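Work through the exercises below with the structure open beside you. Try each task before you read its solution.

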Amino acid sequence: MFKTRDWSETFVGDRLYLKFPVMSQITGKTWVSFPLDDPGAKRGYEPQALETERHEWDPDLYAKMFTASKDAQVMGAEPVGNVRTIHYKGTLTLKDTLAVLGPAKGSQVKAAFELAYGDKLDFDAWVDGQRLTRKITIATPLEATTKAKVTIVYRDFDVPVSITAPPAGEVIDGKKFEVDGGDVPDIPV
């Protein structure tokens with residue numbers, strides 16, 4: 001499950017569940033569900049892109065990406081939660097990142113990188129004494145015209161995980177948002 005202040009996404013089986021605070025005001029339901037394996041559906045998103053996104057929050061992928069930075073520097077010791085970490089800061093270019101990741105992983109990252117960040121992004125990473133990434137922030141540079149920022153906090157390593165779909169009574173099927181041409185209506189967040 002990926003969480004932000006404003007929305008959550010959960011992948012269970014072949015479905016993506018999105019939770020927007022405003023969703024209940026629009027639909028009377030808290031969650032909207034989209035299939036990942038229905039190529040014939042008319043919608044404003046690509047199911048394969050969502051499947052790829054499922055792997056984009058992998059801390060090992062980010063750690064490898066950050067090795068492409070030519071200006072990474074240690075900012076000092078900082079706690080993340082109750083864990084002592086070392087804070088690193090740097091910049092990544094799409095070209096250098098793709099060179100480090102190679103073709104397979106690079107193709108997964110390229111589209112998202114270009115869509116959200118252009119050809120450059122700033123990053124901060126907090127790594128603990130066991131070399132576990134505890135927190136990552138990636139953002140467009142200050143000079144970018146389009147602003148984007150994502151913060152991911154990792155916790156509870158090596159513990160059993162159980163992810164369940166939201167209760168059926170709280171879910172509206174995303175097919176209700178399908179319209180001619182595949183455009184999904186804007187949902188204010």
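This is a predicted model: local features need pLDDT of at least 70, side-chain atom pairs count only at pLDDT 80 or more; totals for chains, interfaces and linings use all residues.

Residues are numbered from 1 along each chain as its sequence is written, and side-chain values use heavy atoms, with hydrogens and water left out.

**Exercise 1. The helix α3**

Task: Find which residues of α3 are buried, and work out how they are arranged around the helix axis.

Solution: 
- Start with the terms. Helices (H or I, at least four residues) and strands (E, at least two) are DSSP runs, numbered from the N terminus.
- Buried means under 20% relative accessible area, exposed means over 50%, and partly exposed lies in between (1.4 Å probe, protein chains only).
- Now list the buried residues of α3: Leu61, Tyr62, Met65 and Phe66.
- Look down the axis of α3. The buried residues fall within an arc of 135°, so they line one face of the helix. The arc is taken from the directions from the helix axis to the C-beta atoms.

**Exercise 2. Aromatic pairs**

Task: Find how many aromatic pairs the whole structure has, and classify the one formed by Phe66 and Phe123.

Solution: 
- Rings of Phe, Tyr and Trp (its six-membered ring) pair if their centres lie within 6.5 Å; planes under 30 degrees apart are stacked, over 60 edge-to-face, and the rest tilted.
- The search finds two pairs. In one, the rings of Tyr62 and Phe66 have centres 6.0 Å apart and planes at 40°, so this pair is tilted.
- Both residues lie in α3, four residues apart, about one turn of the helix. Tyr62 is buried at 6% relative accessibility, and Phe66 is buried at 11%.
- Phe66 also pairs with Phe123. Their centres are 4.0 Å apart with 5° between the planes, and the pair is stacked.
- Phe66 is in α3 and Phe123 in strand β7 (residues 120-128), so the pair ties together parts 57 residues apart in sequence.

**Exercise 3. Nonpolar cores**

Solution: 
- A nonpolar core is a set of buried Ala, Val, Leu, Ile, Met, Phe, Trp, Tyr and Cys residues joined through side-chain atoms within 4.5 Å.
- The largest core has 16 residues. Those with the most contacts inside it include Tyr62, Phe66, Phe123 and Ile136.
- For background: in soluble globular proteins, nonpolar side chains tend to be buried together.

**Exercise 4. Paired strands**

Task: Find in which sense β8 and β9 pair, then sort the faces of β9 into covered and uncovered.

Solution: 
- Two strands pair if DSSP finds at least two bridges between them.
- Strand β8 (residues 133-139) and β9 are antiparallel, with five bridges. Ile136 stands opposite Ile152 in β9.
- On β9 (residues 149-153), Val150 and Ile152 make the covered face, while Lys149, Thr151 and Val153 make the uncovered one.
- Compare β5 and strand β6 (residues 83-93). Seven bridges join this antiparallel pair, and Gly76 stands opposite His87 in β6.
- These two strands form a hairpin with two residues between them; Gly81 in the turn has a positive phi of about 65°.

**Exercise 5. Charged contacts**

Task: Find how many salt bridges the structure holds, and locate the partners of the one between Arg15 and Asp173.

Solution: 
- A salt bridge is a side-chain nitrogen of Lys or Arg within 4 Å of a carboxyl oxygen of Asp or Glu.
- The structure holds five.
- Arg15 and Asp173 form one of them, with the closest N and O atoms 3.8 Å apart. Arg15 is in strand β3 (residues 15-19) and Asp173 in strand β10 (residues 171-173), 158 residues apart.
- Arg15 is partly exposed at 21% relative accessible area. Asp173 is partly exposed at 32%.
- Lys70 forms a salt bridge with Asp96, the closest N and O atoms being 3.6 Å apart. Lys70 is exposed, at 70%.
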